[in-house]
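Please look through the structure below before reading my numbered points, which go from the contact between the chains to a helix and then to the domains.

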Amino acid sequence: MAKLILKNGRVLDPANRMDAIADVLIDGDRIAAVGPSLDASGAELFDATGMWVTPGFIDMHVHLREPGFEHSETIESGSRAAAAGGFTSICCMPNTHPVNDSPTVTSYIVENARRHAVVNVFPIGAITKDSAGEELAAIGSMKKAGIVAISDDGRPVMNARVMRRAMEMAHSFGLPVIDHCEDLHLSAGGDMHEGLESIRLGLRGIPSCSEDVMVARDILLSEVTGCHFHVAHISSKNSIAMVKHAKALGLSVTAEVCPHHFTLTDDNVIPYDSNFKMKPPLRSSFDVAAAVEGIVTGVIDAIATDHAPHPGSEKMQEFERCPFGILGLETAIGLTLETFVHNGRVSPLRIVEMYTAAPGRILSLPRGTLSTGVIADVTIIDPSTKWTYDVNRSFSKSRNTPFHQREFTGGPAATIVNGQFVWGRSPDLQRDLQIPYLRTM
Amino acid sequence: MSRGLLGIEDLSRDQIEQILARARDFQPLQNQSNKRLDLLRGRLIVNLFFESSTRTRTSFEIAAKRLGADSISITASGSSVSKGESLVDTLNTLAAMKPDAIVMRHAASGAPHFLSRHLPTPIINAGDGTHEHPTQALLDALTILDYRGGLAGLRVAIIGDIVHSRVARSNIYLLSKFGVDVVLCGPAPLLPPQMAQLAPGVRLTHNMPEAIRDADVIMMLRVQLERQNESPFPASEYYPFYGLRVQHLELAKPEVLVMHPGPINRGREIASDVADSRQSVILNQVENGIAVRMAVLERIIQ
């Protein structure tokens, strides 16, 4: 098997508390060694001087739209967008058609990903059949088929008793429950965050309390059941405070936040532009401040994108008719560096942890470190070069993003999955490179 | 304003005064036997009403005719919208027929704003969802000015289903720009606290006598059941607490004006005798609608 050496980069491996200039030697699909001045004889060389070399980034919350909505995204196109965003593993939500509520659908996704995806794809199964919130899905069989968590993302379980039973089952199978926390009665008909802006624009609001009451409910159910409860895309100040409280009580509660929720507020919404429409909605400035603070203080465990492709035909409508969700994979690292790293608020090691070891731990994935002998998933980040995001060159099949033409300082430079380069960008970060050894389909 | 009229919020006081001044030029026309001017001869106006409307559509049609323009009206039920065509496609199709302006009413807030970013044709907003209804606020201002020397310093109470009202929002923006003391009043679920921050000089109350006390103008709003996806309060509670009755008028200034954008629901938000009272200027509003819309059409198209 071919050897590859990543020379002279800043190796950031949070699981091993490592932050040092070193080489990373990859032999075949495994990490062979990490250390200074490794013997590179016979190895292909990648000069990582000035770059970060980190465990492969994991996005624990994406929508790949396949099966059923292949006009929006496919497992292949989503995986390519992931690679171009520096992600080596992505976890796909079950709201496909059919819903991933059975081992048959899970196996379809796993097999399709094995054949067509350029990154690892870990499916998340539904909590209830058809995500209808009534009968539990085949949780154990889906686990055998490859799911790493359960969630009815986007169609949250409203019945607290059903959620309790789901948590009991998930706990017994060693799976976390990921909940999109939204009381659908409180948010009914809402299109954006409830506040002055929604009132001004004449749009129905999605109040923060619609998220908060469900976070509270699920924390209490997690205590009753012992189940690991993971809050998807946390966005409100009170929810973050409750997660902090739950952790202080020693409960098995974790949370992820999306880059758009720590960078944009409801004031930033271009009126009636659906590139700013997602759930949870862009919230108030104090919610964004709380999200930033939650990352700085460590209350929030992971950063996930909630990559939610929708084709132009669906986003080019009256605002209230447009579906919720925006792309996220290709802009996550740039937004994170801008918000936390360049200003020194959070150490690079901690930020890398939120994208690697932390989601790996939450989902019990055998990924997220550069320890010797593990699968060689590596993300290489250029932390300082300026580049501009052009969504028209996105690998996604969709174009719905509020970050088109945004300038970033630093971003992903190359992505290695199972020891193979699957994506790379030119040194000025403006152009995607043809990787000669791109894995053949 | 060159590209259309989407709302009052973005207009300057100066622009509003120009429109009102021009509307005043057109007011006497209503009483002449020849009501037609040829200021917009040969121009084409498309009235596109995705939501039912009697007075606004008719008013725009008459305004166009009086200016000598050709106008056609399309309603959603008789159009390709009912065949599943998207809004953008419908509008692109109409724009290809090169109208000089599109007058549009739509049930979705922001629909004309969204379209104006994708179409070259100027769009006049004839009411978008629960957002704005700019020509209504302009004709309301014209009506008030018919009876009062100016707007500054007046006290205007707007009462009813505020949160779902595009008329309320447009009036709040307009009146605030002219230094009016605006009091909003309605049941709590229909009057969120953020309404007070929409513009300077706006305050809220849930108490109707308090809202009306010393008011120069009372604007009543219809309860927009069609826009509520819930029953925020018992229907039986509405009239006793928020229906305008004769005894309320005693609390207001002596020459108080009672206004309503229509259609009125007698006995629901307004007592029949109040709607027909000396103070009621509801039909003056309708009449002024034509003059205001003439001024707007002329300004947008010329």
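1. Chain A gives 17 residues to its contact with chain B, and chain B gives 20 residues, where two residues are in contact if their C-beta atoms, placed from the backbone, lie within 7 Å. This is a predicted model, in which local features need pLDDT of at least 70 and side-chain atom pairs count only at pLDDT 80 or more, while totals for chains, interfaces and linings use all residues. Residues are numbered from 1 along each chain as its sequence is written, and chains are lettered from A and ligands numbered from 1 in the order in which they are written.

2. On helix H2 (residues 103–116) of chain A, the buried residues are Pro103(A), Val105(A), Thr106(A), Ile109(A) and Ala113(A); helices (H or I, at least four residues) and strands (E, at least two) are DSSP runs, numbered from the N terminus. A residue is buried if 20 or more other C-beta atoms lie within 10 Å of its own, exposed if 12 or fewer, and partly exposed in between. The face of H2(A) turned away from its buried side carries the exposed residues Arg114(A) and Arg115(A).

3. The cover over the buried residues of H2(A) includes helix H1 (75–84), strand E7 (87–92), strand E8 (120–123) and helix H3 (139–145) of chain A.

4. Chain A is assigned domain 1 (3–53 + 373–388 + 406–433) and domain 2 (56–362), with bounds that come from an automatic or database domain assignment. Their contact takes 20 residues from domain 1 of chain A and 23 residues from domain 2 of chain A. On the domain 1 side, strand E16 (407–417) of chain A gives the most, with seven residues.
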